[in-house]
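Keep the picture open and follow along.

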Number of protein chains: 2
Amino acid sequence: MKTTQAKLKTTKKREDILRILQEAGKPLSAEEIYEKRTVEMNISTVYRALHLLVDHGVLEKTVYQDGKAYFGIPRQKHSHHLICTRCHAQVDIDICPLKGLEQDLQKATGFTITGHSLEFSGICPACAGGEKTEEKE
Amino acid sequence: MKTTQAKLKTTKKREDILRILQEAGKPLSAEEIYEKRTVEMNISTVYRALHLLVDHGVLEKTVYQDGKAYFGIPRQKHSHHLICTRCHAQVDIDICPLKGLEQDLQKATGFTITGHSLEFSGICPACAGGEKTEEKE
DNA sequence: TTACTTGCAAATGGTTTGCAAAGGG
DNA sequence: CCCTTTGCAAACCATTTGCAAGTAA
């Protein structure tokens, strides 16, 4: 449980991870990054690199409703998602109505707000209309 | 992966779980519920009951940034949290600015929005001021 | 040279499951 | 009675860690 200190060394593996996230343009899970890897590396190396990068402010970590952690490059197209709880279809939401609220919260609580996570869930039109799910009632 | 169907039976254990959540007045993790239990029951029973109740719309499940799932009684004091990333102090936020946005989203995407998860993170005054954390730079 | 990095395998922690016994309607 | 519920122990999955060997600076 340490905080930013050790100097990060530039390695092929870390560059690969950063490149992957850069190209993805959206947060990815450790597993997804691992699958896209170009350089040979162990999954535990991916996890260690990601956490180190988060500690150094290079990356941002967010836990989605699927229970997994996703890592992304900060302020890179800040957006949220609306996910269908049946088929998992995902829609990106570009507007974020929380900037103002964060300001108010800082004043009200004295906290220095560093971020937020927001995710909407629902049923997509396809699943709601035609019964396109595995099973029904 | 089934959806609401089997008839739920009323058992001492399920009543205990519901009572605990009722009294807590806020979402709790399976582990927390298990610790507060009054009736003898296995942790797996807690998990099974919780999921069944979620499937029947009696409870709502939300994964927090700590990676754990929390279960709560719907619309019961709908609120969000602001959590200090250093000491984990938690502040409840009662206002929820998303109702309107959900309406818009439904229209724009055609999804039937069933819920959302929102969590703010930051550094609390105590941690920001005095270095009250385990270690520093 | 000297930390910082990595691979490997084993350990965690939260959650799920198979199966047979117990219990609610 | 029949079907749901429960306990137990084992299985799972995402993530973490100890340790010895490898490597950037």
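Predicted model: local features only at pLDDT ≥ 70, side-chain atom pairs only at ≥ 80, totals over all residues.

## Around DNA strand C

With that cut-off, 27 residues sit around DNA strand C, and the nearest of them are A:Thr11, A:Asn42, A:Thr45, B:Ser44 and B:Ala69. The elements giving two or more residues to this surface are helix 1 and helix 3 of chain A, plus helix 2 and helix 3 of chain B. Which element gives the largest share of the surface near DNA strand C? That is helix 3 of chain B, with five residues.

## Around DNA strand D

Now hop over to DNA strand D, which has 28 residues around it; A:Ser44, A:Ala69, B:Thr11, B:Asn42 and B:Thr45 are the closest. Here the elements with two or more residues in the surface are helix 2 and helix 3 of chain A, along with helix 1 and helix 3 of chain B. Sorted by class, the residues near DNA strand D come to 10 charged, nine polar and nine nonpolar.

## Two helices of chain B

In chain B, helix 1 and helix 3 pack with their axes 10 Å apart, at an angle of about 75°. Because of that angle, helix 1 of chain B is roughly perpendicular to helix 3 of chain B. Helix 1 of chain B brings B:Lys13, B:Arg14 and B:Ile17 to the contact, while helix 3 of chain B brings B:Thr45, B:Val46, B:Ala49 and B:Leu50. Those contact residues split into four nonpolar, two charged and one polar.

Is B:Lys26 buried, exposed or partly exposed? A residue needs 20 or more other C-beta atoms within 10 Å to be buried, and 12 or fewer to be exposed. B:Lys26 has 13 within that distance, so this residue is partly exposed. The C-alpha atom of B:Lys26 is also 9.1 Å from that of B:Tyr70, although the two residues are 44 apart along the chain.

## Chain A from end to end

Chain A contains five helices and six strands. Going along the sequence, they follow the pattern α-β-α-α-β-β-β-β-α-β-α. Of the 137 residues in chain A, 19% are buried. Take the contacts in chain A between residues at least 6 apart in sequence: 52% of these join residues at least 24 apart.

Chain A has an open sheet of three strands in the order 1-3-2, with antiparallel pairing. Strand 1 and strand 2 of chain A are the edge strands, each pairing on one side only. Strand 1 of chain A pairs with strand 3 of chain A over two bridges, and A:Ser29 stands opposite A:Tyr70 in strand 3 of chain A.

## A sheet built from both chains

There is also an open sheet with six strands, ordered 5(A)-4(A)-6(A)-6(B)-4(B)-5(B), with mixed pairing. Its edges are strand 5 of chain A and strand 5 of chain B; each has a single partner strand, so one side of each has no neighbour in the sheet. From one strand to the next, the twist averages 20°.

Where do the chains join up? Strand 6 of chain A and strand 6 of chain B pair antiparallel over 11 bridges, with A:His116 opposite B:Phe120. In chain A, strand 4 runs parallel to strand 6 and is joined to it by four bridges, and A:Leu82 has A:Phe120 as its bridge partner. In chain B, strand 4 and strand 6 pair in the parallel sense, also over four bridges, and B:Leu82 stands opposite B:Phe120.

Helices lie on this sheet too. Helix 4 of chain B touches strand 4, strand 5 and strand 6 of chain A as well as strand 6 of chain B, and makes about 130° with strand 6 of chain B. Helix 4 of chain A lies across strand 6 of chain A and strand 4, strand 5 and strand 6 of chain B, running at about 130° to strand 6 of chain A.

Notes:
Residues numbered from 1 in each chain as written. Chains lettered and ligands numbered in written order. Pairing = 2+ DSSP bridges. Near = placed C-beta within 6 Å. Nonpolar A, V, L, I, M, F, W, Y, C, P; charged D, E, K, R; others polar. Axes fitted to C-alpha atoms, helices over the stretch in contact; angles between N-to-C directions. Parallel < 35°, antiparallel > 145°, perpendicular 65-115°, else oblique. Contact = placed C-beta atoms within 7 Å.
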